[in-house]
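User: I would like to learn how to read strand pairing, chain contacts and helix packing in a model. Please take the features one at a time.

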Amino acid sequence: MPSDPLVAQHVLEFPGGYTRTTGPVIGRFLTELRARRIVGVRTAEGRVLVPPLEYDPETGEPVTGEYTEVGPAGTVKTWAWVEQPLDSHPLDRPFAWALIELDGADTALLHAVAADNAKAMAAGMRVWPVWSDRPTGHITDISHFAPEVTKIVSNVRAEYRLQAGGALRTFLEGVERGVLLAGRCERCAKVYVPYRLNCPECGQSLGDTFEVPDTGTITTFAINNLPDPRAPEVPFVSAYILLDTTDIPMIALIGDVPAHEVRQGMRVKAVWVPESERTASMANIRWFAPTGEPDVELS
Amino acid sequence: MRDVAIVAFAQTRHTDHDTGLTEPELIAPVINEIKERTGLRRFGFTCSGSCDYLAGAPFSFVSALDALAAWPPISESHVEMDGAWALYEAWVRLQHGDIDSALVYGFGKSSLGDLRTIMTLQLDPYYLAPLGLDQLSYAALQANAVGADRAELDEIVRRSRADGRGNPYALDLPEPDGEDFAVQPLKKTDVPPITDGAAAIVLATGDLATRLCATPAYIRGIAHRTEPHYLGLRDLSGSASAADAARAAGVGKAPVEVAELHAQFPHEEIILRRALELGGGTLINPSGGPLAANPVMATGLIRIGEAARHIHDGRARRTVAHAASGPCLQQNLVTVLEA
Amino acid sequence: MGNRCAVIGVGQTHYTTKRRDVSIAGLVREAALRALEDAGLTFKDIDAVVIGKAPDLFEGVMMPESYLADALGAAGKPMMRVHTAGSVGGSTALVGASLIQGGVHERVLVVAFEKQSESNATWALSTHLPFSASLVVGAGGYFAPHIREYMRRSGAPGHIGTLVAVKDRLNALKNPYAHLRIPGIDQKMVESTPMLWEPIRYLETCPSSDGACAMVLSSEAAVTGTPAWVHGTAMRSEPIFRASRDTVSPQAGKDCAADVYRQAGIADPRRQIDVAEVYVPFSWYEPMWLENLGFAAEGEGWKLTESGATALDGDIPWNASGGVLSSNPIGASGLIRFAEAALQVRGMAGEHQVDGARTALGHAYGGGAQFFAMWIVGRERP
C-alpha cells in the first residue's frame, strides 16, 4: 500500500541528539581516549575494569580512584562477523564485533575489528586500536581495532512505519468524506466518538458506525500561549467539545472568535476545509466556530 | 508461600505484519476471551508488560487500559518489561493474602520499526549504543562464545518451525534452508520472526483456582535474577543468572516434562538447557517457541502460558517456563508449574 | 496487606535543571548510596531492586534498568522496572513494598529517576504520531481545561492557584534538595508571570528537573535505624476514554484514597493525617486533590487552601517539601512524595519537618489523571 494516505513513516529522533553527561569515571575514560590512551579503573578487589565503571559490577560498591593505562593491544575473546553493516555501525564494510581483553585489563571491551573476512578472525588473536583522525572524547575515538601489524553525541533514531487501522481508519475515512462516525454501547447506553471497537467501561463491542452531527457544546477549554505546529497562531483555544447526541468530548481547536470570548457552554460547529482539499485526517476540520446559538447551561 | 495457580491462558493468532489494529484493539479480544473462559469480570489485581520504543510513542500502555473494561477503577500496575515480569508482580501481590485473582497481559508490535536496531537503544548509552551494536550482532557474539555445533543449531530451528506450524497461534514458517549468514555465525534462519501479538493469563488462589479450572497449574517456584550489563563483564558462553533463577525456583527438585524457553536464537536454547540442567527427557518448546512466534514483550508471558497449558490439558504434571530480558540473556525469570 | 513493611532509608539527589557532573548511573547511585547510608546498610544487604522512571524517550535509553542493573548492585539479584506514567514513582514504592508485604524479601531497594536534560521533556511527551483523532497540546494543554472546569464548578476565585504556587515555593526554601528556590517569592511575582495555558501561569507549573530518589524498604525483622511503618498501600487506574468520566475529580483517585484509608484506619483524613505529600504539578491541583482525597467536601477545597490550612504552619500541611511545583524529575516525583512522607514520620525532614508528624500520606498520579498510587506511613507499628 505505498500510496495509502493512511500509511506513513514516523521518526523518533531528538533533534541534535541526546546530550549525555558522563560523570567522572566515564568522563575520565573518554578524556584519556581523546588523548589516545585507554585506561581502566581498579576495583576494591584489585580487578581492572575496561571500560571503567563507577562501581564494581559484582557488588555495586564504588571503584577506587586508581586509573591504570591498559593496552593498547588486546586479545579477542569472542567475535561475530557482520557481512552487511548497518548505517549505524562503525565501519561501512564487512567487519567483526569483538570482545577484546586489553593487556592489563581484567574485563573485555566491546568494539569493532576490521578484518578482510570472517576467516581472518579467531578467538585469541591480537588486535590494536586504530584511532580516528579527530578524537573528540567518544567511544568511537577508537575507530576500530585491527589485527597486529599485518594489518559521541549519541544519535538515537528509531524509524517506524505506522498505519491507521481498526476503528481509527474507519473514523478517518469518514472524516475524509466530511462526516464524523460514532458507535454506541448498548449496555452502557453511551455514544462514543471517534468510533471505537469496544466500550472502555464494559468491554462490549460497539455496534455499527453511524454519523453524528458536527455541532456541539464546549464543555471546557484552555487558552494556549505556547505555539504549536498544528495551531495557526497564539493564543489559540483547545477545547473539549461534546458533539450533539454523543457522550464523550473530543479535543479540537476553536476558531473564528477571539480567544477570550470563548465560553464554557458555547455552541460550536465544525469548519471543514473545502472538499477538494480533504484527506483522511483531522486536519479536514480547520477548527470549530461559534454558531451564535444561546449557550447551553452546564450541570 | 501461598499457592497461586494459572487457571487460564489466551493469546492472539500472532501475525508477521502490522494488521493496523491499535494496541487496545489487539488486546481486547484476548482479554474478552479470558474473561469468558473464567467467567470473571473483575480481578483483585491487574498487571501488564509492554515497551514504548516498540510503538514509537511514550505511554503506549496508557490506552491499553481502554481494552479492559476497567470500570469501576481497578487496582493495576505496569512493567516496562516482558509480561512475564508482570506475572511475577501479580504473583507477589497475591502473596499478601487479601485478594484471590489477578489478570496479567503483555503485548507488542515488533512490526512497526526495525527491531534489530531498536534493541540497540537498550544498551549502555556511553560504551555500546554509540557503536550501533545491534540485536543480531550481540546475539552472534554470544553464539560464537557458545561454540555450538552447527548441525545442532540447525536442528533446533527446524524443530521449532515444525512445531510452530502445528501451533495455530504461531507463524507458519517454512523448513529452514539457505546458508546465508545474518551476522556470522548466526544464519538468517536463526533469527526469530518479526511478530505482532498479545497474551493474557489469569492467576487464582485457593478455592477460586479449583472452581475456575479443573486442573490448575500451580506455581511451585518462581524467581528471577539479573547480571551485569556490559557484555565484556560476562561469560557469554553461559547464563549465570538463568542458572541462579532456576535453582531459586527449584527446577531440579523433580523431573521436568516440558520446558518452554524464551530462546530467541537457537544457541540461547543450548545455553538455557545447560543453565536449567534440563536433560534429554524434557520436551523443549513444543509450541515452537520464539523461533516460531516472537511478539516482543509477550513472548516470555506466552512461555508461561504454554507451559501451563500442558498441565491444563492433562498432558504433563510438571513443566517449566523461562523468560528473558536484556541483551544476551542478561536477566532471566524461571517458573516451575505443577498439576 | 500482608507482612509489615517499613522505610528504613531515604536518599535524594539535589534536584536541578541540568546535572552536568554525573552519568545516568552516577545520578541513580547518588540517591541509592544515600538511602543505604541512611539505613546503615550496603548493597550486600539488599535482596532485590525495583527501578521506576517515566518514558524512556527522556534519556533515549530503552528499558534502562538493563544498563543500570549492576550500577544498583543488582547483579545476582532480582530486578524489576515499573512504568505507570506520572504515578510511576509512587507505583515503584508500592511494588517494592509489595515484595516485603508478600514475604518474598527482607530488604528491597527502590529507585526512581529522570535525567530530563539529556533531551527535552516537551519533545519526549509530544512525539506526534502520524494519525490521530485528537488534539493534545502537552501536559499543560491537557490539564488546563480540567482546572477551568474545577473553577466553574466550585466558584473558586482566580487567585487560589497563586496561593499554592507561593506556599510550595516558600516550603522549598526550607528543603536543601529542592530545585526551584526563589527568594522573595510572593503572589505578585506569580501573577506577573505569563499565562502559558490559561488558566495556568508560568509560576503555577512545575519545573523540569534532573534527579533521583531512593528508599530502602524492610520487613519487620530486618529493620535498622528509624523506621516509617507502612499502614496502607493502594493503586487504582481507570480508562481515559470512558464516556462521562469525571476528569476534575476522577473516581480512581477517590477509590484509591478510600482503599488506603480503610487499611490505615483513617475515617477523617483532615484530622487523622498530620502531613501530606501530594502530586501537585499545577498549583490548582491542590484544591482539586483536597476534595478528591476527602480532606474537604466537594467544592470546598479552595477554601482550605485559602485559609492557610495547607501551609507548613497550618493544621494539615500539604507538600512541606515544596512538592512537585518545586522539583520535578518526572519519573522520581512520585517516589519523592512517598519518601518525604516517610521522612516526616521518621522526624527526619529537617527544616521542613512538621512538628509531631505521626501519620503521613504519599500520593502520585499520572496519565490523564487516571493512574493513582498512594500510601500511608506512620511513626507507630501498625
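User: In β5(C), which residue is the bridge partner of A:Ile223?

Analyst: Strands of a sheet pair through backbone hydrogen bonds, either parallel or antiparallel. Here the bridge partner of A:Ile223 is C:Glu198. Strand β14 (residues 215-224) of chain A and β5(C) run antiparallel and are joined by 2 bridges. Two strands pair if DSSP finds at least two bridges between them; strands are DSSP runs of E, at least two residues, and helices are runs of H or I, at least four, both numbered from the N terminus.

User: What should I know about the numbering and the origin of the model?

Analyst: Residues are numbered from 1 along each chain as its sequence is written, while chains are lettered from A and ligands numbered from 1 in the order in which they are written. The model is predicted: local features need pLDDT of at least 70 and side-chain atom pairs count only at pLDDT 80 or more, whereas totals for chains, interfaces and linings use all residues.

User: How many residues of chain C are in contact with chain A?

Analyst: Contact requires C-beta atoms, placed from the backbone, within 7 Å. By that criterion, 48 residues of chain C touch 49 residues of chain A. On the chain C side, α1 (24-39), α5 (138-154) and β5 (195-198) each give two or more residues. α5(C) gives the most, with 7 residues.

User: At what angle do α3 and α13 of chain C pack?

Analyst: Axes are lines fitted to C-alpha atoms, for helices over the stretch in contact, and angles run from 0 to 180 degrees between N-to-C directions. Helix α3 (residues 88-101) and helix α13 (residues 330-346) of chain C pack at about 55 degrees, with their axes 5 Å apart. That makes α3(C) oblique to α13(C); angles under 35 degrees count as roughly parallel, over 145 as roughly antiparallel, 65 to 115 as roughly perpendicular and the rest as oblique. Among the residues making the contact are C:Gly89 and C:Gly90 of α3(C) and C:Leu335 of α13(C).

User: What is the strand order in the open sheet of 3 strands in chain A?

Analyst: The order is β3-β2-β4, with antiparallel pairing. β3 (48-49) and β4 (67-70) of chain A are the edge strands, each pairing on one side only. Strand β2 (residues 38-42) of chain A is joined to β3(A) by 2 bridges, and A:Arg42 stands opposite A:Val48 in β3(A). Helix α1 (residues 23-34) of chain A lies across β2 and β4 of that chain, at about 155 degrees to β2(A).

Definitions and conventions: Contact = placed C-beta atoms within 7 Å.
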